[in-house]
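Reader: Could you take me closely through a single part of this model, namely one chain and the side it turns to its partner? Please give the cut-offs behind each term as you go.

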Amino acid sequence: MTKKIVEVKGVTVSFDGFKVLDDLDFSINYGELRFLIGPNGAGKSTLLDIMTSKTRPDKGKVIFDGHINVTRAAEHRLVRHGVGRKFQTPSIFSSLTVYENLEAAIGFKTRPYKLGKGLSGEQKDKIEETLEITNLKEHRHTSAGILSHGQKQWLEIGMLLVQEPKLVLLDEPVAGMTRRERDHTGELLHKIAQNRSILVVEHDMVFVRQFASTVTVLHMGKLLCEGPVEQVQSDPQVIEVYLGRGHKAA
Amino acid sequence: MIRQLSKPNALHNFGFIACAFLLLFVLPVVLSDFQINLLGRFLTYAIVAIGLDLIWGYTGMLSLGQALFFSLGAYCFGMYLNLETAGTRLPEFMGLYGVMELPFFWQPFYSPIFAIIMAIVLPMVVAGVLGFMIFRSRIQGVYFSIITQALTAIVALLLIGQQRLINGTNGITEMRTIFGARLADPGTKIALYIATVIVLGLVYLGCRALIRSRFGRLLVAVRDDENRVRFMGYNPVVIKTLVFMLSAGIAGLAGVLLVPQIGIISPKQLDIVASIEIVIWVAVGGRGTLLGAIIGAVLVNTGKSTISTNYPEIWQLIMGSLFIGVVLLFPKGVVGSLRDLFQKIKVNPRREYLPLSAEPSAIEVETA
């Protein structure tokens, strides 16, 4: 059995009595690129919240990297342990330049009183490398606030990359992107997936078909099915959930 | 959006040296003793304004407790001045209220060094404890402002209640000498003014270095999106508490410089108006620019003093209208508006602006 980077065990979360996650078991292996799909309200974002300790579960636990109890860790500490998350809307610091955004991200393990010093040569190289693969090289001194939507998303992915997380959680990274931007994001994902585990929450089935290997389908807070993309697509249960009854032809 | 004037450094340094020269050597000769004393006071206000700008303009937390920290500093140093004036006897007001022995907490204030250290450390400790509790509970925005305002009011009431210990509403007034020199002497007044200018210069340079460092950019990041800072692996509680403490320490230091120049410190300095006035200085000058904080403090106070002498009956109306006008017409303040003007004339060389989308067409046909 392959080792697991993150393990969600029997997690239940309810808001006002409504069970968003219902006794859910879920895990991702080391080095895996996993896609998570499901209709609105399936609990996808809540699952990410649980895995980043933003929301505490009512029941169950989450183990990261074999030994870290996620449900007890403070959010920022979890990031330092190697869990990076990209939120659904691009959240970058719009008053700072592209370079300064990356610079802020790379210093995340530096003690506050040491932030008066500049970056090390190694850190600078890392930023240059990230500017290169996110296609933001010529925009380094641009205010992040005036970047295009796609560029903001790439910048945010870049901010995750400079931190070299072990696990990256991406919430709808291609929402609102043009086809070209989407293709580039897909390539970016494969490039960065080489030495880390990635979980992508996505609605865009075209994108999923193009880039996914393993897909997990969530429905009503439970795992509906999990497997290679072709298998998941032809699963009658998934078709029903996505397209409704009586619509058998996909 | 809000950052330092990104002029070349050489020009900035020249401006700084020119201002220092003007303040240190030209104005003391040109202005009368009275005017110098007035300007000295305004410059201590400028120091407080810089502190507020750090947490409000850069970090996005509107503190209405700066008057508290300012006054704590002033009280600490005022106690020293009071003891020095009294010499071997008790401060005068204690005799009036039947206090026979110097209260224990007054004892160490015979030492000016202790008084100065306390004037800075005490506000920092108060800000540290209060800030840590507020920020840890993730209290933000207007609630932070209300709590800081409430604490200021509480301390004011506390001071008013302690008639026997620190002379209640009257405050500490008996101050005639500082380090053996008479406060009324013109020489002493000039010396205090020079000291204020130097401290202001150092505080300004220190804060400028801070906001240009990575820590400074992190402050802006907290203002833009605190949650993102947290999910980037930083603890915003630590960052915010540190900068809040720093701004409190700066206000305390300004209090040390203020009290020998006005010769009184009373709970009046802690009323609601006092804190809001500090906010107005920064808003008028332009928040998010250190220079704006200084200019705002000097400008507003000069205006206040001129208008109140010339129109004693309606000066508050005039000042109020001016503030409303400035906030409505120049929401970025004096410095912010000027900078926008410069940017219109000359495109800022350090910033590139993106051309419109290079995509062949924004609306592509999606092949579903």
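Author: Chain B holds 15 helices and 2 strands, where helices (H or I, at least four residues) and strands (E, at least two) are DSSP runs numbered from the N terminus. This is a predicted model, in which local features need pLDDT of at least 70 and side-chain atom pairs count only at pLDDT 80 or more, while totals for chains, interfaces and linings use all residues. Residues are numbered from 1 along each chain as its sequence is written, and chains are lettered from A and ligands numbered from 1 in the order in which they are written.

The C-alpha trace of chain B spans about 90 × 50 × 40 Å along its principal axes. Of the 368 residues in chain B, 42% are buried, that is, they have 20 or more other C-beta atoms, placed from the backbone, within 10 Å of their own.

Turning to the partner, the contact takes 31 residues from chain B and 34 residues from chain A, two residues being in contact if their C-beta atoms, placed from the backbone, lie within 7 Å. On the side of chain B that touches chain A, two or more residues each come from helix 9 (214–224), helix 10 (226–230) and helix 11 (236–262) of chain B, and helix 9 of chain B gives the most, with 7 residues. This side divides into 15 nonpolar, 4 polar and 12 charged residues, with Ala, Val, Leu, Ile, Met, Phe, Trp, Tyr, Cys and Pro counted as nonpolar, Asp, Glu, Lys and Arg as charged, and the others, Gly among them, as polar.

Note on methods. A residue is buried if 20 or more other C-beta atoms lie within 10 Å of its own, exposed if 12 or fewer, and partly exposed in between; C-beta atoms are placed from the backbone.
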